[in-house]
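Welcome, and thanks for taking a look at this one. Below is a short tour of an interface, a pocket and a salt bridge.

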Amino acid sequence: MSEQKKPNKPVKRRLSAKQVEQNRREFLRTSALAVGVMGVSLVGLLPAVQGKSLALRPPGALKTPLDETEFLSSCIKCGQCVQVCPVNAINLADLDKGAGVGVPFIDAREQACDFSCDGLQCVLACPTGALTHDLDYPADARMGFARLDNPRKCLAIQGKGFKGQARGPDFEGILRYDDVDRWNPIPVADYPYDLELCDLCMRQCPIEIRIAQCAAAADEREQNKDRVAQIQGNECPPKHAIAFEAFGDEEGGVKRMKPVILDGCVGCGVCEMICPPEPPAIVIDIKQDVDHMRGVS
Amino acid sequence: MSYIIESFRQLFGSEPRRPDKSDISPEAKAVHLYKKQNPFDKYSFEVAREAHTADSKKWRNRRWATLLVVNLLFVVSYYFDIQLLEGALTASRFMGFHMADLNSALQVTLAFKHMVLNLVIGTATVFVLWLLLGGRTFCSWVCPYHLLSEWAEKLHLYLAGKGWVKDHSFNRKVRSLFYVIFALLALVTGYTVFETISVTGIVSRALIYGPGMALIWVGLVLLFEVFYSRRAWCRYVCPIGITYGVVGTLSPVRVKFVLKDCHHEGDCRKVCLVPHVLDMTVKGKAVHTEVDVSADCTRCGMCVDVCPTNSLRFDIKGLGKHL
Ligand code: SF4
Ligand code: SF4
Ligand code: SF4
Ligand code: SF4
C-alpha cells in the first residue's frame with residue numbers, strides 16, 4: 001500500500017507544481033479504481049457468503065450441501081461437465097448467482113440428470129476435482145434428497161391416474177426410455193403415458209430402473225450367481241430410492257397411494273422433472289441427502 | 001539476468017530505469033553520438049513513414065487470425081461435438097490432453113488448497129507452452145477480451161483525436177496490488193473472487209456456452225476504456241497479465257530493439273498497450289545497440305508493424321543466429 005502512495009517520480013528530478021498536481025490526481029484516481037474494482041468483486045462474493053448461491057449441483061459436487069463452499073472454491077468454471085452431459089442437464093450460472101458466475105448447476109424441473117451417460121461423464125470430465133472422482137456409480141451420488149413437497153397436488157395421493165404427456169406437449173426435457181432406445185434419450189413429450197394410478201416419479205426414477213434391470217439380469221443368470229455379482233458389481237444400487245405405500249380407503253376400485261422417499265435416493269431430480277402437476281408435488285431438497293440430516297448411511 | 005530483474009520491475013509497476021551515463025555501452029554511446037552529429041532528415045523520414053504505413057498490418061493479421069482460430073476452436077468443438085478443444089479458456093482439454101489457465105489454476109489452488117493430478121498436468125502443460133511462446137503472448141494472441149479491448153481502444157483514440165475524451169492514467173503499481181489482494185481473497189474466503197469479474201473468463205464462456213448477463217460487466221469495462229482510460233483493464237487491473245508476464249521473463253520469444261536505425265519519433269510507443277516497455281526507444285536511453293523489450297510486453301507486434309525503419313523485430317533468443 002505504501003508503495004502505491006508514492007507517485008512515480010524519478011528520485012533526482014524536482015517536480016514542477018503542475019506535475020505534483022498531476023501526480024496527486026493520478027493517486028486519487030488510482031485509489032478510486034482500487035476501491036471500485038474491489039467493491040465490484042466483493043459484491044460478487046456476497047451471495048455466496050449469504051448462502052444464496054445454493055443450487056442443485058452435478059453429481060459429485062463434493063457430495064453434500066455442506067460442501068457448497070468447497071465446491072465453489074474448487075470449480076475452475078470451464079464447463080467441461082456441461083459439454084459431456086448427454087441430456088444437457090448442466091448449465092453454467094450467470095451473474096444473478098453472484099460468486100457462482102460460471103459454476104455448473106442443474107435445474108431439475110427443466111432437465112434433470114437421468115444418468116443417461118451411465119458412467120457419470122461430468123465427474124470424469126472435471127479437471128479440478130470439484131466433482132469428486134470418488135464416485136463410481138450413479139448410486140454413489142449425493143445431490144440432494146427428494147421430498148414430497150406438496151402432497152395435496154400428488155395424483156397418487158388423490159387416487160388419480162395419468163394419461164398423456166407428462167409435462168405437456170411443449171416440454172423440452174428429455175429422458176432415456178429403455179424400451180425405446182437403450183442409449184439415446186428422447187423428448188418426454190414423445191412418450192405419452194396411460195396410467196391407472198400415477199406413479200411417474202417411481203416409474204422413471206433412474207435408481208429404481210437400475211434396480212429392476214439388475215434384478216432381471218440376475219434372474220436370467222440364476223445358474224451362474226458368482227458371475228452375476230462379478231458383472232454387476234456395485235453398479236446395482238443396493239437400496240431403493242422411492243416406493244409407493246397404500247393408505248386410506250379404496251375409492252372406486254383404485255387404492256390411494258403415497259410416494260415415500262427411501263434411503264437410496266440420490267437427488268437426481270428426475271421425479272421433480274416428470275411430476276405432472278404444476279408446481280410439482282415432489283421436489284429435490286438440496287439441503288439434505290441420505291448421508292446427512294437423516295443420519296443414515 | 002538484468003533482463004529478468006528489469007522485467008520484474010516493470011511488471012510490478014515501476015517505471016523503467018533511466019540509464020546512467022556509465023551504464024551505456026561504448027558501442028551504444030558511439031551510435032548515440034553519431035545520431036547527434038548527423039540529425040535525421042525529417043523529410044526523407046516522412047517519406048519512409050508514408051511508404052511503410054501502406055503494408056504494416058502483417059503481425060496484426062496473423063495475431064487476429066490466431067486469436068480467432070483458438071477461440072473458434074472452442075466454439076466449434078462444442079457446437080459440433082468434435083471433442084478437439086473442450087472446456088473454456090480457464091481450463092480445457094486439447095485432444096484429451098489437460099490444459100489449465102495459469103492464473104485460474106492458481107486462484108483455484110489458493111481457494112481450494114488442494115490440487116488434483118489433472119490440474120497439475122494441465123498447469124504444467126500450459127506453463128511450458130507459454131514459457132516457450134513468451135508469457136504475455138497469451139494476452140494478445142489468445143485472450144478474447146484483448147480483441148474487444150483493441151477495438152474499444154480504436155474508438156477511444158478516434159474520440160480522443162476529436163478532443164471529446166481524454167485518457168486518464170493510473171499508477172501502474174495498482175495492478176500488483178490487485179494481484180496480491182485477489183490472491184489473498186482466494187486464500188481467505190475460499191472463493192475464486194477474481195474469476196467472478198474476470199472479463200477473459202466471462203467472454204470465453206459467453207462465446208462457448210452462450211451470452212449471459214455477466215457480459216454487462218464486460219460492457220461496462222469496455223465503456224470505461226472508451227471514455228475514460230485507454231486499455232485500463234489490461235494495463236492496471238488484470239492479474240492474468242502479471243502471471244503470464246512472470247512466466248515470460250524466461251521466454252526466448254521477445255521483441256528486440258535495434259538502436260542503429262531508430263529515429264526516436266516514437267510511433268511505437270503510441271500504439272503500444274504497455275508503452276513503458278519501449279522506454280529504450282527514447283533518444284539516448286538505449287544502453288546497448290540491441291535491447292530486449294521487457295516481459296510485460298504482450299508480443300502483439302504492433303510496434304513491429306508500425307516502426308517505419310524496422311528497428312523493432314521479433315527475436316528468438318538462442319536461435320537468432322540460425323534463423
Ligand atoms: S451424471 Fe451423466 S447424465 Fe447426469 S449430469 Fe452427469 S453427465 Fe449428465
Ligand atoms: S468440469 Fe468441474 S471445474 Fe469445470 S465447470 Fe464443471 S464442475 Fe467446474
Ligand atoms: S427419488 Fe427422485 S431424486 Fe431420488 S433418485 Fe429417484 S428420481 Fe432421483
Ligand atoms: S523503434 Fe519506435 S521510435 Fe524508433 S523508429 Fe521505430 S517506431 Fe520510431
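## Reading the pocket terms

A pocket here is an open set of grid points with protein on both sides within 12 Å along at least five of seven lines, and its lining residues have an atom within 4 Å of a point. Please keep in mind that this is a predicted model.

## The second largest pocket

With that in hand, let us turn to the second largest pocket, which has a volume of about 800 Å³. Its lining is made up of 32 residues. Those nearest the centre are Ser2(B), Val287(B), His288(B), Val291(B) and Asp292(B).

Which element gives the most to this lining? That is α1(B), with six residues. Three elements of chain B each supply at least two lining residues: α1 (2-11), β5 (290-292) and β6 (312-316). Sorted by class, the lining of this pocket holds twelve charged, eleven nonpolar and nine polar residues.

## Where chains A and B meet

The contact draws 51 residues from chain A and 50 residues from chain B. Together the two chains bury about 4,300 Å² between them, with 67% of that area on carbon and sulfur atoms. On the chain A side, Arg29(A), Ile76(A) and Gln83(A) supply 15% of the area that chain A buries against chain B, more than any other three residues.

How many salt bridges link chain A and chain B? The count is zero. Polar contacts between these chains do occur, with 17 residue pairs counted, both residues being at pLDDT 80 or more.

## The chain A side of the contact

Four helices of chain A each supply at least two residues of the side that touches chain B: α1 (2-5), α2 (17-49), α3 (68-74) and α4 (80-84). The largest share comes from α2(A), with 13 residues. By class, this side of chain A has 25 nonpolar, 16 polar and ten charged residues.

## A salt bridge within chain A

Over all chains, a search of the whole structure finds 27 salt bridges. One to look up in your viewer joins Arg57(A) and Glu68(A), whose closest N and O atoms are 2.6 Å apart. Arg57(A) sits in the loop between α2 and α3 of chain A, while Glu68(A) belongs to helix α3 of chain A, so the pair ties together parts that are eleven residues apart in sequence.

Key
Residues are numbered from 1 along each chain as its sequence is written. Chains are lettered from A and ligands numbered from 1 in the order in which they are written. This is a predicted model: local features need pLDDT of at least 70, side-chain atom pairs count only at pLDDT 80 or more; totals for chains, interfaces and linings use all residues. Side-chain values use heavy atoms; hydrogens and water are left out. Contact means heavy atoms within 4.5 Å. Buried area is the accessible area (1.4 Å probe) that two parts lose on being put together, summed over both. A salt bridge is a side-chain nitrogen of Lys or Arg within 4 Å of a carboxyl oxygen of Asp or Glu. A polar contact is a pair of N or O atoms within 3.5 Å; within protein, one must be able to donate a hydrogen and the other to accept it, and residues adjacent in sequence count only if both atoms are side-chain atoms. Ala, Val, Leu, Ile, Met, Phe, Trp, Tyr, Cys and Pro count as nonpolar, Asp, Glu, Lys and Arg as charged, and the others, Gly among them, as polar. On a 1 Å grid over the protein atoms alone, a cavity is a set of points where a 1.4 Å probe fits but cannot get out, and a pocket is an open set with protein on both sides within 12 Å along at least five of seven lines; lining residues have an atom within 4 Å of a point. Grid points are joined across faces, edges and corners, and a volume is the space filled by probe spheres set on the points.
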